[in-house]
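Could you look over the points below before the model is passed on? They concern a set of annotated positions and a few residues taken one by one.

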Amino acid sequence: MKLAMIGFGQAGGKIVDRFLDYDDRTNSGIVRAAIAVNSAKADLIGLDNIPQENRVLIGQARVKGHGVGADNELGAEIAEEDIDEVQNAIDSIPTHEVDAFLVVAGMGGGTGSGGAPVLAKHLKRIYTIPVYGLGILPGTDEGGIYTLNAARSFQTFVREVDNLMVFDNDSWRQTGESVEGGYEQINEEIVRRFGILFGAGEVGDGEEVAESVVDSSEIINTLSGGGVSTVGFASEEVDMNTGGGLLSRFTGDDGGDDDLDAANTTNRITSLVRKAALGRLTLPCEIEGTERALLVLSGPSEYLNRKGIERGRKWLEEETGSMEVRGGDYPRDEPEVAAAILLSGVTNVPRIKRLQQVAIEAQDNIDDIQQESEENLEELVEDDEDELEPLF
């Protein structure tokens, strides 16, 4: 799948930058074009892989390149005002070679949280290809204002894109980890999961073609109903040499019967699919009631067992209750077999309900604090005995 990626704000820019690095490392060719948009000049300078001409600084007249300070209403306003500057960068993208736009943003800050929905709306008005969102939820420990921003941004973003894929920082932060180290790890996890999904079906010269091809139309159809999506992932290392070890653990290759090896591989793949679906999802949710799903098994082609993939797909159909579960393999010359599962149209998401509840409480608290602050200021400056004349 060929994507035009636009990172909006600090988190969005860093993730798109990391996708370009992943493309280089794996030769997957997912990113057809990459753009970073920000109101903070320093964040754009800090990127490594996005071309200089594709880094767009917005809001210079309002915030002078210093960012919007977690004010996502201001982020939305300057995105509206400077949308032509963003469009100038998008004009250089050969959209006839692109399957979809992917707008990536952290939903807790200001620029990306406010600007990403504005950009998505603009793109949908102009282009016929799908516009997807990848939104990053802040951790609950990051503070009330970020939670409030995320709830408001989520509500708007999900309406403006063809599908919103969500990654929840709360599920991935580790205790005792530095903030920077934590985000590095999270960004790598995002890129790895979505990289395998979007990379499926790409075949270079001399590379093997999948038995059951997953191409861009399969991904588009899975995401077509709109709503919210989450991704599950599980992998198991294999030894690329044929001498056994970890490889034999996966394939059952101990010199025994071929049928036994095939049965072992089938069971291993089914187990991997279960781990991916029932393990840590990018957005924790109940998978029952999922509207559509896509299963991609990647790894060295000799370990991608068609029967195992089909059995995993059927298991996923039963677990989700969905009649639209697609599946296929993605041969890769990597020392691991991995299962990536896209669950689209999920609705039983306690984290989103909780986010909205906390945001409502935060909004009430902010209103109360503002009211109290105004009263305190009035009390401070008033003088009952000698009323002073103001200067003007």
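1. The model is predicted, so local features need pLDDT of at least 70 and side-chain atom pairs count only at pLDDT 80 or more, while totals for chains, interfaces and linings use all residues. Residues are numbered from 1 along each chain as its sequence is written, and side-chain values use heavy atoms, with hydrogens and water left out.

2. An unreviewed UniProt entry lists under "binding site" Q10, A11, G12, G13, K14, G110, T111, G112, E142, N169 and N187; such annotations may be inferred rather than shown by experiment. The lining of the largest pocket takes in Q10, A11, G12, G13, K14, G110, T111, G112, E142, N169 and N187 from this set.

3. Q10 belongs to helix α1, residues 9-26, and is partly exposed at a relative accessible area of 45%. N169, by contrast, is buried at 5% relative accessibility and sits in the loop between β6 (163-168) and α8 (179-199). Here buried means under 20% relative accessible area, exposed over 50%, and partly exposed in between, with a 1.4 Å probe and protein chains only.

4. Apart from neighbours within four places in sequence, N169 has contacts (heavy atoms within 4.5 Å) that include E142, Y183 and I186, and Q10 is in contact with N38 and D43.

5. R32, in strand β2 (residues 31-38), is partly exposed at 32%. The side chains of R32 and E97 are joined by a polar contact of 2.5 Å, and their C-alpha atoms are separated by 7.8 Å although the residues are 65 apart along the chain. A polar contact is a pair of N or O atoms within 3.5 Å; within protein, one must be able to donate a hydrogen and the other to accept it, and residues adjacent in sequence count only if both atoms are side-chain atoms.

6. On the terms used above, a pocket is an open set of points on a 1 Å grid over the protein atoms alone, where a 1.4 Å probe fits, with protein on both sides within 12 Å along at least five of seven lines, and lining residues have an atom within 4 Å of a point. Helices (H or I, at least four residues) and strands (E, at least two) are DSSP runs, numbered from the N terminus.
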